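This briefing sets out selected features of one protein model, arranged by topic. Please read it alongside the sequence and the coordinates.

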Amino acid sequence: MSRDDDLDYDYDAGGRVLWGRVAIFGVALLFTFVLGRACASGVPEEDLEEANRQVQEYVEDNEQLRQELEALSGGAPPTDPAAGEEGETAEGTADDGTAEEPTSDTTASAEGTQTYTVQANDNLRSIAQEFYGDGNRHDLISEANGIDSDNVLQVGQELEIPPCPDC
């Protein structure tokens, strides 16, 4: 007796049963899709227009808040809502909407030490680069002010800028 004789599988019948199940599943899926499309209702036009208006308002509010954030962090100041709709801007801006250069933020004393008011995005290295032409001389500023070079500078903080002994 051979091994094939013990197994009574009909390979052709098994293939037909599998494809039959796939066909039934496909028909059920198609029926569900057609039924879903027939029963679904669309969004009323008025609701869609209202949602689009709200989205536009949110976009405008977001832009205004972004401009205010830039102004607070040292970027260009936001437009002044009380100034009118003609694109007039708040104080501190030029007619073309760009920020005007701030007035002098340094003052010199008799012995050569200057006072510098910290601006947004300043750090000791950038201030040393501005005054000494070398950001690595930030230790002169930190020693003169009794601060560690790792300290975070606050906008509006006044720093003494000593004269560079080797410059």
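Leu-18 is placed in helix α2, which covers residues 11-39. With a relative accessible area of 52%, Leu-18 is exposed, because the cut-off for that class is over 50%. Together with Trp-19 and Val-22, Leu-18 makes a nonpolar surface patch of about 350 Å². The model under discussion is a predicted one.

**Overall architecture**

- The protein contains five helices and three strands.
- Read from the N terminus, the order of its elements is α-α-α-β-β-α-α-β.
- The chain has 167 residues, and 12% of them count as buried.
- The accessible surface of the protein amounts to about 13300 Å², and carbon and sulfur atoms contribute 52% of that area.
- Among contacts in the protein with a separation of 6 or more, 41% are between residues 24 or more positions apart.

**Charged surface at helix α3**

- Glu-45, Glu-46, Asp-47 and Glu-49 form a negative surface patch.
- One of these residues, Glu-45, belongs to helix α3, which comprises residues 45-72.
- The relative accessible area of Glu-45 is 48%, so this residue is classed as partly exposed and not as exposed, a class that requires over 50%.

**The loop between β2 and α4**

- Val-118 is located in the loop that joins β2 (114-117) to α4 (124-132).
- Val-118 has a relative accessibility of 2% and is therefore buried, given that the limit is under 20%.
- In sequence, Val-118 and Leu-153 are separated by 35 residues, while their C-alpha atoms are 7.1 Å apart in space.
- Beyond its neighbours within four places in sequence, Val-118 is in contact with Leu-153, Gln-154, Val-155, Gly-156, Gln-157 and Leu-159.
- Asn-121 also has its place in the loop between β2 and α4.
- In contrast to the buried Val-118, Asn-121 is exposed, with a relative accessible area of 70%.
- The phi angle of Asn-121 is near 70°, which is a positive value in a residue other than glycine.

**Helix α5 and its surroundings**

- Helix α5 spans residues 138-145, and within this helix His-138, Leu-140, Ile-141 and Ser-142 are buried.
- The packing partners of the buried residues in α5 are helix α4 and strand β3 (158-161).
- Ser-142, a residue of helix α5, has a relative accessible area of 6% and is buried because this value is under 20%.
- When residues up to four places away in sequence are not counted, Ser-142 touches Leu-124, Ile-147, Asp-148 and Ser-149.

- Among the buried residues are Val-118 in the loop between β2 and α4 and Ser-142 in helix α5.

Notes: Residues numbered from 1 in each chain as written. Predicted model: local features only at pLDDT ≥ 70, side-chain atom pairs only at ≥ 80, totals over all residues. Heavy atoms only, no water. Helix = DSSP H or I, 4+ residues; strand = E, 2+ residues; numbered from the N terminus. Buried < 20%, exposed > 50% of the residue type's maximum accessible area, 1.4 Å probe, protein only. Contact = heavy atoms within 4.5 Å. Patch = residues over 30% accessible without salt bridge, like charges linked within 9 Å, V, L, I, M, F, W, Y side chains within 5 Å. Areas by Shrake-Rupley, 256 points an atom, 1.4 Å probe, with all protein chains shown as cover. Salt bridge = Lys/Arg side-chain N within 4 Å of Asp/Glu carboxyl O. Lys, Arg positive; Asp, Glu negative; His and termini not counted. Charge placed at Lys NZ, Arg CZ, Asp CG, Glu CD.
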